[in-house]
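Reader: I've got a model open on my screen and I keep wondering what the labels rest on. Could you take me through them?

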Amino acid sequence: MKVLALVAVSLISGVLISGVACGQGQSPAPTNPVIPNAADPFITRTGNQYLLLATHENTITIWSGTSLASLPQNPKIVWKPNDAMKQVWSPRLWHMQGSWWIYFTAEYPGGQHGIYVLQSKTDDPLGDYTFRGRLALGKTAIDPSILSIRGVTYLMYVDVDPKGWNAVWITSLKDPMSPVGDGRQIIFPDMPWERGAETTHNYPVAEGPTALYRAGKTFIVYSGSDTGTHVYCLGLLTYRGTGDPMLAENWEKSGPVFSYSAEHGVYGPGRGTFTTSPDGKQDWLVYHAKSVKEYTYAGRSVRMQPFTWTADGKPNFGVPVAEGPLTPTK
């Protein structure tokens, strides 16, 4: 059985298992861009329902539907911050210990970015949430995400260094509100494609980590370079299969594995997240990108497309497809 996004182990349960049939026949095809004026997507499934979150209007909004094409029709704001909280972005959703938990980045209070948490009041991911406060990581932190290996649940996050670089860290979780220390750095952006090669914005950035699992293999897909550049792209970490996942030497870095296409008019593709077609037979990449080459954070939109796998079991994301309708999903 293939497993994408998160597996039902340790703290985590009931999120997404690829290969389970969730419908018959073809579903309507999505049209790119799927969600305009939104960035940093995260998608998961519960039963036959897709749940999509993204950076959007300083709110926590969830788009839902039984098909990928229906997601734009069903947005719901599940939480709004108070006036003191700014720059709400990168929300991510998991089911842990009988509740839905949303981790997100925000600036509040005092101008420092941190990771904040919402807990559902019921078992309905589209219901009401309680604000649980900030995770105690002891440092500026953004872009939370979850990784599970051998029954241990880890929090991945990005440390923003005052010198101007972003790096990915990992620490274990005792429970959804209790990281065990600040952890270790597992991705430092030391490659040209992580440092804005081809642009004047040439500082090191590794951010937006997301777990991907298949056939017993574990991957971390992340974004490299400044998201405002046209060279923003996806990189890949492959777990070597043994050793402490919190040690960088137990991972193999490669990339870029998904980058801009001038031919198709798609620039700055990044923030990969993963799901399947309704019948579980086709794997899908959801990401954000823009349609202009110029340096800007404006105009980013959520897009999606199917992807395949290489002979050695790694994801093959191909190239970003042009805007417009995709072929029907199976």
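This is a predicted model: local features need pLDDT of at least 70, side-chain atom pairs count only at pLDDT 80 or more; totals for chains, interfaces and linings use all residues.

Author: Here we go through confidence, sheets, the pocket and a few backbone details, one label at a time.

Reader: Which stretches have a pLDDT under 50, and how many contacts do they have?

Author: Residues 1–10 are below 50, and the model gives them 43 contacts beyond near neighbours in sequence. Residues 13–25 also stay under 50, with 45 contacts beyond four places in sequence. A contact means heavy atoms within 4.5 Å.

Reader: On to the sheets. What makes β20 and β21 a pair?

Author: Two strands count as paired if there are at least two bridges between them. Strand β20 (residues 283–290) and strand β21 (residues 301–309) have 7 bridges and run antiparallel, so they qualify.

Reader: Why are β19 and β22 called edge strands?

Author: The sheet is open, with 4 strands in the order β19-β20-β21-β22 and antiparallel pairing. β19 (267–276) and β22 (315–316) each have a single partner strand, so one side of each has no neighbour in the sheet.

Reader: What lines the largest pocket?

Author: That pocket has a volume of about 360 Å³. It has 21 lining residues, and the closest to its centre are Trp89, Asn166, Glu207, Thr227 and Tyr297. The elements giving two or more residues to the lining are β6 (86–96) and β10 (141–149). By class, the lining has 9 nonpolar, 6 polar and 6 charged residues.

Reader: Why is the bond between Asn32 and Pro33 worth a label, and where is Pro33?

Author: Most peptide bonds are trans. The one joining Asn32 and Pro33 is cis, with omega about -5°. Pro33 is in the loop between β1 (31–32) and β2 (39–46). The bond from Gly255 to Pro256 is cis too, with omega near -5°, and Pro256 is in strand β18.

Reader: What makes Asn58 stand out?

Author: Its phi. Most residues other than glycine have a negative phi. Asn58 is not a glycine, yet its phi is near 55°, a positive value. You'll find Asn58 in the loop between β3 (49–55) and β4 (60–65).

Reader: Last one: what does Asp123 touch?

Author: Leaving out residues up to four places away in sequence, Asp123 touches His95, Gly98 and Trp100. Asp123 is in the loop between β8 (113–120) and β9 (129–134). Glu194 is another story: Asp123 and Glu194 are 71 residues apart in sequence and 39 Å apart in space, C-alpha to C-alpha.

Conventions
Residues are numbered from 1 along each chain as its sequence is written. Side-chain values use heavy atoms; hydrogens and water are left out. pLDDT is the predictor's confidence in each residue, from 0 to 100. On a 1 Å grid over the protein atoms alone, a cavity is a set of points where a 1.4 Å probe fits but cannot get out, and a pocket is an open set with protein on both sides within 12 Å along at least five of seven lines; lining residues have an atom within 4 Å of a point. Grid points are joined across faces, edges and corners, and a volume is the space filled by probe spheres set on the points. Ala, Val, Leu, Ile, Met, Phe, Trp, Tyr, Cys and Pro count as nonpolar, Asp, Glu, Lys and Arg as charged, and the others, Gly among them, as polar.
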